[in-house]
Each structure stands twice: as C-alpha cells, then as structure tokens.
Amino acid sequence: YHEQTIASVARGLGVVVRSVSPQLDRLLYRVLAERVIDGFTIVHLAPPSRGDTDYIVTRLLNEVFEASVERYSWGRRSLIVVEEAHNLAPPGLEKASGRALLRLAREGRKWGLGLILVSQRPGFVDPSVMSQTATLVALRVTNPDDIAGLRRGAESASQEFIERLPDLEQGQAVVAGIAVPERRVPLVVKVEKLKPLNPAA
C-alpha cells in the first residue's frame, strides 16, 4: 500500500475509536449508528465473557439498519465489520445479535450496508448467516468442525476450496466468490504484512 494511504488510515484509527457500555441511552446508540453509516468508526465492545455484548451488538446493529433505511441515498455505502462472529451468531440463532446479523446480511445490501464477518471458528457460526456470504476468504483451517461448517454454510466453499484449507502456509489464504474472476474457482493468495509506520518505534 502507498505510504500516504497507510498514514491516513493510521490517523483515522487514532481519532475514531469509541468505547461503548451497556449504560448508553437510546440517543447515544443512534448517534453511534449515524457515525457508522456516515464515516469510519470503530466500536470496541465488552468481552463476550461479561455477558452484556449480545444486547449492545443487537441494539447497535438494529440502530444502524434503521438509520440506513431512513437516510438511504443512492451511492452511499457503509461496511460493517464484525469480529468474533461465532460469539455473536452461534448455530440456532438463539442470540438476538445473531438474528440482527442475519437481517443485516439478508437485507442490508439494498440499503447500502455491506457486512464482513470475521471468525477463527467458522464451524460455530450459524449456517443461515454463513449462507449469505458472497465472498469467502479463509486462512489455514485444520479443525474438522470448522471445515464442515464452511462446507455446510458457504455457497462459495467448493470442494476444491475445502481441500486446499489444511495445506495453506502461514500468510496464505484461499478466496472464492464474487470477488474473484471465476466465482467457483478459488484463488490462493499471499497476504502481505503492512510495514510499520515508524520502524524505529
């Protein structure tokens, strides 16, 4: 990446980090949701082990969805990136956050909302949520449950895609779906590490 691009992203990261607590009132959730659809925002949530993450995520996702519908304009695009997706959308969609993610995955595109789910345990993400993935990027996977989850849930996970996963080297990934030239033909790519902005630091 160009050095100025990296520096710009780093500056953005430095000023937009926001901490969310369960004590937020409805107005503050809406303010955060509008910032999400208007620009670059990072929302840092409490650890799932505390037990309050489900409510926060559900509330924020619902607010973001509603704000996107109310303020929809052609050409505006927002991308929601959700870490630890297996904690938020486990199989069975018993958690409200999983149901909110499914709605966003199914209906968000027409309102300018995109979704990236990140998980180290794809076998523990609900198949109905996984089935909405248009592009799949996977690093090395060896766990049989995770491989089965990818095969079961993701349309773009062809047999060739699945067979490559255990043999990937560090830094390699397999990509399949609409982001590659041939949707059903997976590509093996090398993920480059970003160089530090200040090597001496």
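Start by selecting E66 and R103: the two form a salt bridge, with their closest N and O atoms 3.4 Å apart. (A salt bridge here is a side-chain nitrogen of Lys or Arg within 4 Å of a carboxyl oxygen of Asp or Glu.) E66 sits in helix α3 and R103 in helix α5 (residues 96-107), so this pair ties together parts that are 37 residues apart in sequence. Helices (H or I, at least four residues) and strands (E, at least two) are DSSP runs, numbered from the N terminus.

Before moving on, a word on what you have open. This is a predicted model, where local features need pLDDT of at least 70 and side-chain atom pairs count only at pLDDT 80 or more, while totals for chains, interfaces and linings use all residues. Residues are numbered from 1 along each chain as its sequence is written, and side-chain values use heavy atoms, with hydrogens and water left out.

The cut-offs: buried is under 20% relative accessible area, exposed is over 50%, and partly exposed is in between (1.4 Å probe, protein chains only).

Stay on α3 (residues 53-70) and pick E63 and R59, which are four residues apart, about one turn of the helix. Their side chains meet in a salt bridge, 3.8 Å from N to O. E63 counts as buried at 5% relative accessibility, whereas R59, at 21%, counts as partly exposed.

Select D146 and R121, whose salt bridge has its closest N and O atoms 2.8 Å apart. This pair links distant parts of the chain: D146 is in helix α7 (residues 144-153), and R121 is in the loop between β4 (113-117) and α6 (127-130), 25 residues away. D146 is buried at 4%; R121 is partly exposed at 27%.

Finish with α7 itself. Its buried residues are D146, I147, G149, L150 and G153. Look down the axis of α7 and they fall within an arc of 160°, so they line one face of the helix; the arc is that of the directions from the helix axis to the C-beta atoms. Turn to the other side of α7 to find P144 and R152 exposed. What covers the buried residues includes α6, β5 (135-138) and α8 (159-164), with contact meaning heavy atoms within 4.5 Å.
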